[in-house]
Amino acid sequence: MSALPRVLSESKRLVTLNDVRSAQGRVAEVCARTPLIKLEGADDGSFEIFAKAESVQPIGSFKLRGAYNKISQLTQQQKAVGVVAYSSGNHAQGVAFAARSLGIKAIVVMPSNAPEIKRKGAASLGAEIITVGVSSAERQQRAEQLAAEFGYSIIPPYDDLEIIAGQATCGAEIIEDLPDADLILAPIGGGGLISGVAAAAKLLKPSIKVYGVEPELAGDAAESFKAGHIIRYTAEQVSRTMADGLRTQSVGALNFMHIQEFVDGVIRINEDEIVAAMKRLLLEWRLVVEPSGAVTTAAALFKRPELPPFKKAVVVISGGNMEPSLLKSLL
């Protein structure tokens, strides 16, 4: 892992343990402390794999942690005006839920290929939905235009210190609940979850290994990690994967700083492995997990040779908002 300069601006510094602890106090107001569920283990007890089931959060995703941590810290004046976010799905629901719980107006810019279950979920929570094209840049630009025109506060999906600190509460819970864990696998899209989980885990237990997992068809993070700088994919490239929550075209700048500092490696998963993992989670462990949330289980099941040796591994299941048609096809 590369060393990073410690003299950073407030907005571009790394998350600290104090940030994580403060975020834990805030998110406890609305977020579930999600369970660790044992998936499998060797007969001789040589290894065990546990799932951190963020799919049981009130919105079915970890995204509520970061959204609430960010929005709850806005000034009263900012809350009175409202917030705007851009999202492919789960962040939209996280912002909508957090805003509703705080009595704040929320507008969410979503791509035209966002899963209907996530679009309806955000709308049912009171958010106004604006639809644009499939490009990450297009929805961000539209949100920035709305913020400039109406004064809304932008709630970014991942490239933000307070968002990362909120997601870090997931990593802190893993170490607190399973202190002898020696490997954590977390999905990578824009990098908010892996940034927070890795930072919290390493700050609490420096010896633990943390790996990111992403689809081969949206493998920009693995390429970026290897190259040492951010590599960007096109919207057409990332749209090929069924893992809609991981279709981000690149990791965020602040997220990449955290990845370089705290993450030990990145694994890529193919589409067949994602489907196989979803089926096993559903049929063997009775867990409904969307494609983006299943990539870590796929890595634990099918990519063991690429992972460091472990006795207790935790796979972060980032969300469970699966389209009914996909659930039907799995069954």
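**Exercise 1. Determine the handedness with which H2 passes H4, and describe their contact.**

Step 1. H2 passes H4 in a right-handed crossing; a crossing is right-handed if the near helix is turned clockwise from the far one by less than a right angle, and left-handed if anticlockwise. Helices (H or I, at least four residues) and strands (E, at least two) are DSSP runs, numbered from the N terminus. The model is predicted, so local features need pLDDT of at least 70 and side-chain atom pairs pLDDT 80 or more, while totals for chains, interfaces and linings use all residues. Residues are numbered from 1 along each chain as its sequence is written, and side-chain values use heavy atoms, with hydrogens and water left out.

Step 2. Two packed helices are described by the angle between their axes and the distance between the axes. The axes of H2 (residues 63-71) and H4 (residues 90-102) come within 8 Å and cross at roughly 45 degrees. Axes are lines fitted to C-alpha atoms, for helices over the stretch in contact, and angles run from 0 to 180 degrees between N-to-C directions.

Step 3. H2 is therefore oblique to H4. Angles under 35 degrees count as roughly parallel, over 145 as roughly antiparallel, 65 to 115 as roughly perpendicular and the rest as oblique.

Step 4. Contact means heavy atoms within 4.5 Å. On the H2 side the residues include Leu64 and Tyr68, and on the H4 side they include Val95 and Phe97.

Step 5. By class, the contact of H2 with H4 has nine nonpolar, four polar and one charged residues. Ala, Val, Leu, Ile, Met, Phe, Trp, Tyr, Cys and Pro count as nonpolar, Asp, Glu, Lys and Arg as charged, and the others, Gly among them, as polar.

**Exercise 2. Describe the packing of H7 against H8.**

Step 1. The axes of H7 (residues 161-177) and H8 (residues 192-204) come within 7 Å, crossing at roughly 45 degrees.

Step 2. H7 is thus oblique to H8, and their crossing is right-handed.

Step 3. Among the contact residues are Ile164 and Ile175 of H7 and Leu193 and Leu204 of H8. The contact of H7 with H8 holds ten nonpolar, five polar and no charged residues.

**Exercise 3. Give the strand order of the open sheet of six strands and find the strands at its edges.**

Step 1. The order is S1-S2-S10-S7-S8-S9, with mixed pairing. Two strands pair if DSSP finds at least two bridges between them.

Step 2. S1 (36-41) and S9 (265-269) stand at the edges: each has a single partner strand, so one side of each lacks a neighbour in the sheet.

Step 3. Within the sheet, S7 (residues 183-187) and S8 (residues 209-215) run parallel and are joined by five bridges. Ile184 has Val210 in S8 as its bridge partner.

Step 4. H12 (residues 271-283) lies across S1, S8, S9 and S10 (312-317), at about 90 degrees to S9.
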